[in-house]
Each structure stands twice: as C-alpha cells, then as structure tokens.
Amino acid sequence: MAYLELNGLHRNFGAVKALDGIEISLGEGEFLSLLGPSGCGKTTALRLVAGFDQPDAGTIVVDGRDITRTTPSKRDMGMVFQAYSLFPNMTAQQNVEFGLRIRGKDRADRRKRVSDLLELVGLGHAGDRYPHQLSGGMQQRVALARALAIEPRVLLLDEPLSALDAKVRVQLREEIRRIQLEFGITTLYVTHDQEEALSVSDHVAVMYRGRIEQMGAPAEMYSAPATPFVAEFIGTMNRLEATVVDPERGVVETGGVTLTVAAARGKPRGARVLVLIRPETVEVAASNGGGANTVRGEVLTHTFLGPVTRLRIAGAEASLIADMPTARAAALPPGSKVDASLPAEEARLLDLSDEPLPEIAEEPAPAGR
Amino acid sequence: MTRKWIAPSAVIWLLLAFAYFVIPLLGSFLFSLNKLATGTCCTVHWYGTILHSGAFWQSLKVSLLLALETIAISLALFVPTIYLVHLKMPKLRPVLAFLALIPFVVPPIVMVVGLLNFYKGAPIWFYDQPWGFLATAYVILAFPYMFFSLDAGFRSIDVHTLTEASQSLGASWPTTLGRVILPNIRSAALAGSFLTLAIVMGEFTIASLSAFHTFPIYIQSVNESEAYGAAAVTVLSFGITWVAMLSLLFVGRKRGARAAVIAGAR
C-alpha cells in the first residue's frame, strides 16, 4: 500500500504550468528521486509536499491521511534545503534539538537523541560549534540530523548537495542513503544530477515541463527510456532520427545509412522513429570498408574519462559518440578514419512525434523557487 | 615581517575628525566650569545646581521613558511588518522605503499640525500625557531609522529558508519569529533602538509645540536664564545619552552576543 501519494497535482504560476497533473505513489521506507532540468517543477512538487505552497488542484496523502491543506508545522516532514539553513544563532546541538524542544520532549531524551544523531552523521565532536564554524558539508550533515530528529513521516531533500564540492557530494550522498536505509524512512529527493539520483534511489521520476516523463527503477530508466527526453537526460545517448523503410525486416534509414533494428519490425512504412544507442555499445575500429549497421567517419576529438575515452566521430551520414577503453583509444587518434559498428539489432526505438526534440543544457542551472 | 604603519595623511584626517567632534564638547565643558561672578575657571557649581534640580530629573525621566516607549512600539510594529514584507510581499519593500523617507522630508511643524488635526477626536488622556500623542509622533519620527536598520538586518539573513526550516520542524509563526528570526536580527534592532533613543532624547520642536516638558525643553529653559548652566546640562545630556546607549547595548548583547558575532561573520 502506498505511503505517500500525490494525486493529480497541478500548480500554475501565472501562465506557467509548474506542475501539470503529477501522480506519484511511494511505498513506506522507499527512496524516490525527482530528477529533471531547471524549471521542470521538481522543487515545486517538493514544496507542495512540505506545505510551503498550495496546489491549484490535486491531493497529497501520507499514510492514508489527506494533508493537502495542513500547515507545514503540522505535517511532520523533515526537510533539508539547498541553501544552508541552520539557525545561525544556535550551535549544531541546539539546531538539532530545536524540533524536539518545540515538541516538548524532556531534556534528558532531547540530549540523548541529539547526541545519537550527531554521532550518526559523524559530528559528535562538533555539537558546540556554530554554523559559521562548520564547513558546507558539515552544515548539511547537521541539517540532516536536525530533520531526522523529529522522526519525520517523510524526509524531503531539496538538492542538499548542490553547493558542495564533488568529493563531499559523493561521500554525503552515500551517507544519506545509508541513514535512510537504517531508519527506513520514506524519502523524496530532488536533484538535477542524474548520477546522484541513479546511485541512491529505489525509484527515479524524470520530470519535464511539469510532468513526469517516466518513473521506474534506476536501471530501468537507464536501459529502457520511455521518451526521447528521458533518453537524452539519463546518461549519454546517440539519437539517430530515422525512417522505417522495410517493416518486415526492421530496416530503418538514417542519413543514407540503413540499419536493421529488431524493434522496427511491424512499424508502418515511412514512420519516423528515433534510434537510441548508448556510446558504450558502439564498436569502433580502423576503417576497413564498412559493413552492416556500420557508420563510416573520422575521429574528431578524444575526451579522457579515466578508464574509458569518449570519441566524437563525424561521419558523412551521421555524427556519433562512442566510449572505448582508454588503452585501445590511443590507436585511433583524432583524424583517424574509422568504422563505427552500431548494435542496432538491440537498439531502443521510439516513435518520433512532430514535437521537436528537447534541448538539454549540459549542466542545468540550480533550480529556483 | 613588515611593521604596520599608518600613513601621515590618514593621521591628519583622523585628528581633524576627532577635533570636529571633541572641540565643541570640550568647549562646552570648559565653559560650564566658569564662575558666574568672574567668568573664569573653575567651579562645579553648575553641575551641583542642575543635579539638585527636580525639573532636571523629572524631564530626564520623561524623555527616557518616552524613548523606551518609542523603541518598544517601533519594534513591535515594524519587526513583524518588515518580516512579512520580506517573506510574503517583497514588492511592497520599495513602498515602505519611500514611506520611511517622508519624516525626513516633512518639517516637524507641519507634522505636528497634521497629527493634531488627525487625532482631533482622540480621548483626553491621549493629549494629557506625553505617552500618547508625543510617543505617537516620535514613532513616526523614528520610522526611517528603525526601518532602514531592520531592513538591513533582514537582508543579511535568508528569511525564506530560515522560516521554512523552522516551520518544517514544527514551529508556529510566533515561535519562528521569536526564536529564529529575532535573534538573528538583534544587531539591527539594537542599531535602530540606539538611533531612536538619540532622536527622542534630543527632539525639541514637537515637544515644545505640544507643550510637554521633556529633557530638551528643560535644556532650553536653562539656556534662557543661565548660560553656564546650559553648558553643564549639555555636557550632562551627552553623558546621559551615552550611558543609556551603553545600557541598551549591554542588555541587548547579554543574550544576543553570539548572534551578533555570527551576523558579523556572515
């Protein structure tokens, strides 16, 4: 049975539809990430759950109780914000204690819980420090402890790592997941960082223009994107716009190259489709005259990514990205003539509507309010 | 290691600024020590006379109480207002800032006449005691100082995030304001209070026109009869205002010291 339900949530800001009928159903103790570019509505959805904003239509139900019109202070939601939100006039300890004092817990219980939580986030030694004496990562740990102190029904995390440096982000996101599993707390996590979302979540919901494009397990989102947007947003993807030329054999044509794609069988002749191929599945070799499902081209650039090197290949027919082991990539320097063999038989295929494909910035800006 | 030194030009400017403020005060002090008969130094007779005068203490009490009342009303009125404007109605901020400039622009005489007309139907007690009409006028007079001080305080903190964090932890509006917001704008509230105190302690026109015997009125009455005595009152009033400010600072800092330090470090 669902523990947190968002039913048909709509929220408009003037003419802008920030949320356009959001439906989410999350089981108790599950971790859902709302993932999407800036302005997709993910923070708005989180703020509605927290009670900081009201939906124009739809309901929010937690554990069978409709809380849509409940004030934020009565919702029992623990929230960690994107901006540093510790109370500057209180020590780390007093910050964590704040919610417990409001609830009238006795002093001994408060002290014990605060001490346990600060230990849990690795800050048992820093309870007496004020926020300005803590690093960004430490402040967010205290904020997490503060949110957990009240034993919230749902933990809400609004891009809590976006202001931190790369190493601390990875470390802290793993800690968040560890603590979430330890407490078994239902969690809603907002981020624009797909790696973050895929690495810590039970479920990921990709949002775009106020709607959920697809929701599923991280592996499913990566391997079987349901829409062109999801395909583009999750991981790197070669997108080849093609036309079905032989529905019986599953042959599609893209920029003069014909590919045989199993998923194209049975599609109407002349249908416009999008062939999706992950860079790590493209096989690149020195040109030897081509072959089936092969695009001929020239290596334009190398991007070193550690164990793999990303090759940008410009062909006469299509441009591609291919990832190959760094040791082998050295044999194909920029300027090399290559054959890129596409595993088109197993490629994903999406019907291409008349709607133009979305453009996604490489590094989305932090979401505004 | 290089030794820190101050440029000679900076020293000259510092001395000039120091002289600008200190010479008149020193002049008044030396003048206040003169004997009536010879017009030469030195006697503390005038200080004794003033400190034994009932009118001095009475007017001082009225002005200090008026200052405290003005500060209390101003804080009670403006802190929640400016908080709400920052939180919910940021578009109203320029309107408030404009309104806050009006007391600078409107001459006190115009303001008194206007206020007297406005409060024409008010009950007698409102005019009878300084705590009614005069306090109201002083709140208006102190509005710009209080507004700009508090506004700067609210701008230095993330009002939205702190409020939402507090509410998500279960705090009501009054608790959020009292335990989270106020301690973090304490320095700004203190600054506004200092300015208000200084204004009320020195305001003459409105008190005179509305016929209340405040401290500045007393100074003026002494000035009319005894020049040396007036100088002594001036020096005393300077000292008293500073002592009052330091007391306010002490009371405010006692609980808000840490907040003030943190606010300074932001």
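1. **Basis.** This is a predicted model; local features need pLDDT of at least 70, side-chain atom pairs count only at pLDDT 80 or more, and totals for chains, interfaces and linings use all residues. Residues are numbered from 1 along each chain as its sequence is written, and chains are lettered from A, ligands numbered from 1, in the order in which they are written.

2. **Chain A against chain B.** The contact takes 21 residues from chain A and 20 residues from chain B. Two residues are in contact if their C-beta atoms, placed from the backbone, lie within 7 Å. On chain B, the elements giving two or more residues to this side are helix H8 (159-168), helix H9 (173-184) and helix H13 (227-265). H8(B) gives the most, with six residues. Helices (H or I, at least four residues) and strands (E, at least two) are DSSP runs, numbered from the N terminus. By class, the side of chain B that touches chain A has 10 nonpolar, seven polar and three charged residues. Here Ala, Val, Leu, Ile, Met, Phe, Trp, Tyr, Cys and Pro count as nonpolar, Asp, Glu, Lys and Arg as charged, and the others, Gly among them, as polar.

3. **Domains of chain A.** The assignment gives domain 1 (2-231) and domain 2 (236-351). Such bounds come from an automatic or database domain assignment. The C-alpha centres of the two domains of chain A lie 39 Å apart. Their contact takes five residues from domain 1 and six residues from domain 2. The domain 1 side has four nonpolar, one polar and no charged residues.

4. **Domains of chain B.** Chain B is assigned domain 1 (8-43) and domain 2 (54-265). Their C-alpha centres lie 31 Å apart. Domain 1 of chain B puts seven residues into the contact and domain 2 of chain B puts in six residues. On the domain 1 side, four are nonpolar, three polar and none charged.

5. **Helix H1 of chain A.** Why is helix H1 (residues 42-50) of chain A largely enclosed by the rest of the structure? Nine of its nine residues are buried, so the rest of the structure largely encloses H1(A). A residue is buried if 20 or more other C-beta atoms lie within 10 Å of its own, exposed if 12 or fewer, and partly exposed in between, with C-beta atoms placed from the backbone. A:Lys42 and A:Arg47 are among the buried residues. A:Gly51 follows H1(A) and has a positive phi, near 95°.

6. **Strand S7 of chain A.** Strand S7 (residues 154-158) is mostly covered, with five of its five residues buried. A:Val154, A:Leu156 and A:Asp158 point one way, A:Leu155 and A:Leu157 the other. Strand S6 (residues 77-80) of chain A runs parallel to S7(A), joined by four bridges. There A:Val80 has A:Leu157 as its bridge partner. Strand S8 (residues 186-191) of chain A is also parallel to S7(A), over five bridges. Two strands pair if DSSP finds at least two bridges between them. A:Val154 stands opposite A:Thr186 of S8(A).

7. **An open sheet in chain A.** Five strands form an open sheet in the order S13-S12-S11-S14-S20, with antiparallel pairing. Strand S13 (257-260) and strand S20 (348-351) are the edges, each pairing on one side only. Strand S12 (residues 251-254) and S13(A) pair in the antiparallel sense over four bridges. Within S13(A), A:Thr258 stands opposite A:Glu253.
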